[in-house]
Amino acid sequence: MWQTIATAAVTALLTSGGAYLLARQRMREEFRLQFRAETLIRKLLSNETWALRSFDVIKHHVGGFEDDALRQLLVRAGAVRFHAKGKEMWGLYERTQHALDGTDSYDKLLKP
């Protein structure tokens, strides 16, 4: 009887340990992907030529994400959303803060 209990306990521990290691590896890979995507978005939005980028351009360059997931990554990267000329535009907060404060117009952000 003790042998059966010991076998069951060892099997449960090994199964739980394996599941934990697999879940930890999966989470690590998922966070690494998100971190890299956020870094790429910051670099894309930091380009000196463009203060704002359209959502379509960002989606083209940062593929593999659904629209709402990409929007969440944009916010995590420090971007804010604008609507200009009928398009959804995104820019880094630190580069567009003057337009948000009302000290400048959106039109100046759109000009390269």
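User: How do I read an accessible surface here?

Analyst: Accessible areas come from the Shrake-Rupley method with a 1.4 Å probe, and for residues only the protein chains shown count as cover. In this predicted model, the protein chain has an accessible surface of about 8,100 Å², and carbon and sulfur atoms hold 58% of that. Local features need pLDDT of at least 70, side-chain atom pairs count only at pLDDT 80 or more, and totals for chains, interfaces and linings use all residues. Residues are numbered from 1 along each chain as its sequence is written, and side-chain values use heavy atoms, with hydrogens and water left out.

User: What share of the 112 residues counts as buried?

Analyst: Buried means under 20% relative accessible area, exposed over 50%, and partly exposed in between (1.4 Å probe, protein chains only). Here 27% of the 112 residues are buried.

User: Okay, how many helices and strands are there?

Analyst: Both are DSSP runs numbered from the N terminus: helices are H or I with at least four residues, strands are E with at least two. This chain has 5 helices and 3 strands, in the order α-β-α-α-β-β-α-α. Helix α1 covers residues 2-45, and Trp 2 lies in it.

User: Is Trp 2 buried or exposed?

Analyst: Trp 2 is exposed, at 71% relative accessible area.

User: And what is the radius of gyration of the protein chain?

Analyst: That radius is taken over C-alpha atoms; the globule rule is 2.2 Å times the number of residues to the power 0.38. The protein chain has 23 Å, whereas a compact globule of 112 residues would be near 13 Å. Its C-alpha atoms fill a box of roughly 80 × 25 × 20 Å along the principal axes.
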